[in-house]
Amino acid sequence: YRTCVLRLHDTAQGQVVDFTPREPGKVSMYVCGPTVYDHPHIGHGRQVLVYDVLWRYLEWSGLEVTFASNVTDIDDNIIKRANEEGRSTEDVVATYEAAYWNAVDGLGVRRPTHTPHATEYVDHMIQLISELEEAGIAYTAPDGVYFSTEAVPGYGLLAEQSLESLRAGARIEVGEGKRSPIDFVLWKLSKPGEPSWDAPWGAGRPGWHTECVVMSLDLLGEGFDLHSGGLDLKFPHHENERAQAVALGKTFSRHWMHHAFVEIGGVKMSKSLKNFTSLTDLLERTGDGRTYRLLVLQSHYRSPMEVTTDSIEQAANRLAGLDAFARRFADARGASADADVIDRFREAMDDDLDTPRVMALVSDLVRQANAEADAGRDATSIAASVFEMTTALGLELRSATDDIDAQSQSLVDQRDAARAAKDFARADALRDELKSLGWNVEDTPEGTRIHR
């Protein structure tokens with residue numbers, strides 16, 4: 001396929017712009033990953049799915065993608081959790097990082113090309129802070145080292161506010177040694193018993209904002225193509241990353257992309273508000289990570305997405321319908337897709353990843369293919385187009401028949417015999433028995449069909 005002509009909403013420019021990679025045919029992208037001190041919530045699930053879809057679409061379009069996403073494995077919240085539970089920080093990190101990757105795998109999301117951990121880059125961070133200090137942009141205080149935001153022209157770009165506006169709305173917290181309320185910590189001196197690393201300013205640990213700027217530049221190089229994350233990271237996290245790179249004369253990300261929140265009752269879901277639903281619980285409840293992918297695809301990434309029991313159930317029902325379509329048209333998988341349909345798919349995706357428009361197109365094509373087949377006409381090209389699009393988005397439809405055990409197959413055979421004899425009471429009883437064994441039961445012109 002031809003190289004995409006993708007247009008994305010660039011936060012730094014405040015509008016949808018042409019996405020222009022640094023190097024033709026290749027894309028380098030960095031997504032801020034988890035701080036592993038608790039179970040991942042469904043907001044994390046939306047994040048990994050949004051960028052997994054982007055990654056897959058870029059590759060489908062013929063581009064080679066390098067995808068980096070970090071793991072913050074040293075942080076105040078991790079230390080707090082360890083102290084509360086009488087565990088080591090390493091134990092807390094191991095527990096919740098495993099939970100995070102298990103959930104990511106459960107969603108069918110691919111692991112990033114690179115998953116740097118903050119603790120692996122402390123020496124790099126100390127070097128960067130030293131360079132900032134030498135340039136007169138970092139200063140020491142009783143509790144650590146701070147970055148002087150006033151020394152960076154254009155600070156506040158991603159916040160879409162001026163330095164004066166940001167300063168007016170900020171407050172200095174008690175005990176901080178910073179000169180301005182919007183200065184931020186680069187190196188935090190450790191208290192007794194806390195994890196620490198030796199540094200010129202005293203034993204301590206890096207500030208959060210220094211992690212990603214060091215890791216992204218090391219793994220992807222200057223002027224990498226895309227830096228992404230949730231809207232809550234625009235400011236201060238991403239702005240502070242950008243400021244450190246700019247202060248040292250480095251070219252940072254060419255484009256900035258941010259996705260909207262998952263909400264419950266109109267309120268952003270977050271660990272701090274304690275209103276989050278565990279991603280693990282969601283996966284257990286649905287039994288199929290594709291359900292949440294479908295729900296995410298039905299929402300535009302820049303629009304808030306409300307997750308409710310009803311919306312999950314509706315997505316599960318829609319997925320079951322798509323799987324039924326996939327079974328009916330299994331022979332169309334791998335056939336030639338309709339070129340006009342694929343052009344419409346590209347057009348929607350290139351328009352700031354308009355996945356809701358794509359899913360509406362999928363629904364129209366499913367209805368069209370079923371109507372054509374019911375009328376005895378060939379719908380192979382239409383069905384192949386559905387397979388092509390859903391596969392490109394990571395929504396794999398299941399057309400293969402499950403391995404059916406001898407007992408279940410016997411019940412299927414008995415039910416078909418009962419239906420042939422018009423013994424519908426017996427057929428209904430056998431349907432219920434199959435359902436009790438965990439099968440979904442369908443009546444088709446070819447007889448009873450069961451699947452998980």
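"Buried" here means under 20% relative accessible area, "exposed" means over 50%, and "partly exposed" sits in between, using a 1.4 Å probe and protein chains only.

**Figure 1. The whole chain, a predicted model.** Of the 452 residues in the chain, 52% count as buried. The C-alpha trace spans about 90 × 50 × 35 Å along its principal axes. You'll find 15 helices and 15 strands in the chain; helices (H or I, at least four residues) and strands (E, at least two) are DSSP runs, numbered from the N terminus. Take the contacts (heavy atoms within 4.5 Å) with a separation of 6 or more: residues 24 or more positions apart account for 74% of them. Since this is a predicted model, local features need pLDDT of at least 70 and side-chain atom pairs count only at pLDDT 80 or more, while totals for chains, interfaces and linings use all residues. Residues are numbered from 1 along each chain as its sequence is written, and side-chain values use heavy atoms, with hydrogens and water left out.

**Figure 2. The hairpin of S1 and S2.** Strand S1 (residues 7–10) pairs with strand S2 (residues 15–18) in the antiparallel sense, over four bridges. For two strands to pair, DSSP has to find at least two bridges between them. Arg7 has Asp18 in S2 as its bridge partner. Four residues lie between the two strands of the hairpin, and Gly14 in the turn has a positive phi of about 70°.

**Figure 3. The parallel sheet, S4-S3-S9-S10.** This open sheet has four strands with parallel pairing. Strand S4 (64–69) and strand S10 (255–259) are at the edges with a single partner strand each, so one side of each has no neighbour in the sheet. From one strand to the next, the twist averages 20°; axes are lines fitted to C-alpha atoms, for helices over the stretch in contact, and angles run from 0 to 180 degrees between N-to-C directions. Six bridges hold the parallel pairing of strand S3 (residues 26–31) with S4, and Val31 stands opposite Ser69 in S4. Helix H6 (residues 208–220) packs on the sheet and touches S3 and S4, its direction making about 160° with that of S3. Helix H7 (residues 234–247) also packs on the sheet, touching strand S9 (226–230) and S10, and its direction makes about 160° with that of S9.

**Figure 4. Ser28 in strand S3.** Is Ser28 buried or exposed? Ser28 is buried, with a relative accessible area of 4%. Its side chain makes a polar contact with the side chain of Arg22 (3.3 Å). A polar contact is a pair of N or O atoms within 3.5 Å; within protein, one must be able to donate a hydrogen and the other to accept it, and residues adjacent in sequence count only if both atoms are side-chain atoms. Setting aside neighbours within four places in sequence, Ser28 is in contact with Arg22, Thr66, Leu220, Phe224, Asp225 and Leu226.

**Figure 5. Pro40 in the loop between S3 and H1.** Pro40 counts as buried, at 2% relative accessibility. Which residue has its C-alpha atom 7.3 Å from that of Pro40, though 240 residues apart along the chain? That residue is Thr280. Leaving aside neighbours within four places in sequence, Pro40 is in contact with Ala99, Tyr100, Ala103, Thr277, Ser278, Leu279 and Thr280.

**Figure 6. The largest cavity, with about 120 Å³ of space.** On a 1 Å grid over the protein atoms alone, a cavity is a set of points where a 1.4 Å probe fits but cannot get out, and lining residues have an atom within 4 Å of a point. Grid points are joined across faces, edges and corners, and a volume is the space filled by probe spheres set on the points. By this rule there are four cavities of 30 Å³ or more. The largest cavity is lined by 13 residues, and the closest to its centre are Val48, Phe67, Ser69, Tyr100 and Pro112. Helix H1 (42–60), S4 and helix H3 (89–106) each supply at least two residues of this lining, with the largest share, four residues, coming from H1.

**Figure 7. The antiparallel sheet, S5-S6-S7-S8.** Here four strands make an open sheet with antiparallel pairing. At the edges stand strand S5 (138–141) and strand S8 (204–206), each with a single partner strand, so one side of each is left without a neighbour in the sheet. The twist averages 25° from one strand to the next. Strand S7 (residues 184–189) and S8 run antiparallel and are joined by three bridges, with Lys188 opposite Arg205 in S8.

Key. On a 1 Å grid over the protein atoms alone, a cavity is a set of points where a 1.4 Å probe fits but cannot get out, and a pocket is an open set with protein on both sides within 12 Å along at least five of seven lines; lining residues have an atom within 4 Å of a point.
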